[in-house]
Amino acid sequence: MKRSTVVSGNWKMYKTVPEATQFVQDLAPLIKDSQVKVSIAVPFTAIFPASMEAKDSNLLIGAQNMHDASEGAFTGEIAASMLCDAGAKFVILGHSERRHVFNEDSHFVNRKIHAALTHGLNVTLCVGETESQHKDGQREVILKSQIEMSLEGITAEQMKTIILAYEPVWAIGTGNPASPEVAQETHKLCRQIITGLYGDEVANSLTIQYGGSVKPDNAKDLISMPDIDGMLIGGASLKADVFNQIIEACNVKEY
Ligand code: PGA
């Protein structure tokens, strides 16, 4: 069994067009020979210019969110076809900031996943428990319901185009990552939930990223865990050299 190792940046609401294109110019030569797949979810305004800049490189550009409708009267929203049109290859769905700041639930995330896959966008589905859910021993129940509801109606074949990202809410942007042991235990749990839904073959070939305060100095210990197949990185993805240090740390992954 060989899973892809994927290191992704999530820029959130950072970077103008010139900053984004400069970043791509800086990063592309550094990852020329990388064994790891590298992608960045950029702000909507940067998708087109960053994709153009990344055209002949190993870097994939994607989006951080979208609406599930194909078009319509949804002021301020964006459709899957528009993301594809601008050059996005994937979209992050269900990020905790969307769930908690914008009140998006797993049913909405599920509709978005269906829409994204219909348009040929790969999906990074984020799941994770809050600090109080973690302390109350609710981790498994929360992850199970987020995964099951978000993936309702998604086929085993479609799972090949999905990455799961485990992002404990208490670790995002806090400088307090899950320990490699806790992350491993939770990734294993997520894989078991996927096995329950789709069987071993799908579960064992699914890339599961860890996200939440990943930095160059903790990436190596995290990636050395058997069920951690990559990283989803916020803050530390904003500088090309720092992001590249994490990519290099993940280059050592062996299965
Ligand atoms: P962080 O964010 O790396 O800044 O903790 C991760 C994320 O929100 O995807």
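Contact here means heavy atoms within 4.5 Å. The model is predicted, so local features need pLDDT of at least 70 and side-chain atom pairs pLDDT 80 or more, while totals for chains, interfaces and linings use all residues. Residues are numbered from 1 along each chain as its sequence is written, and side-chain values use heavy atoms, without hydrogens and water.

- Met 66, neighbours within four places in sequence aside, is in contact with Glu 77, Ile 78, Ala 80, Leu 83, Val 91, Leu 93, Lys 112, Ala 115, Ala 116 and Leu 121.
- A nonpolar core is a set of buried Ala, Val, Leu, Ile, Met, Phe, Trp, Tyr and Cys residues joined through side-chain atoms within 4.5 Å; buried means under 20% relative accessible area (1.4 Å probe, protein chains only).
- The largest nonpolar core has 72 residues, and Met 66 is among those that touch the most other members, with Leu 27, Ile 113, Leu 151, Tyr 210 and Met 231.

**Helix 8**
- Buried residues of helix 8 include Pro 180, His 187, Arg 191 and Tyr 198.
- Their cover includes helix 7 (139-150), strand 6 (162-166) and helix 10 (216-223); helices (H or I, at least four residues) and strands (E, at least two) are DSSP runs, numbered from the N terminus.

**Ligand**
- Oxygen atoms of the ligand lie 2.7 Å from a polar side-chain atom of Lys 12 and 2.8 Å from a polar backbone atom of Ser 213.

Technical notes. Buried means under 20% relative accessible area, exposed over 50%, partly exposed in between (1.4 Å probe, protein chains only). A polar contact is a pair of N or O atoms within 3.5 Å; within protein, one must be able to donate a hydrogen and the other to accept it, and residues adjacent in sequence count only if both atoms are side-chain atoms.
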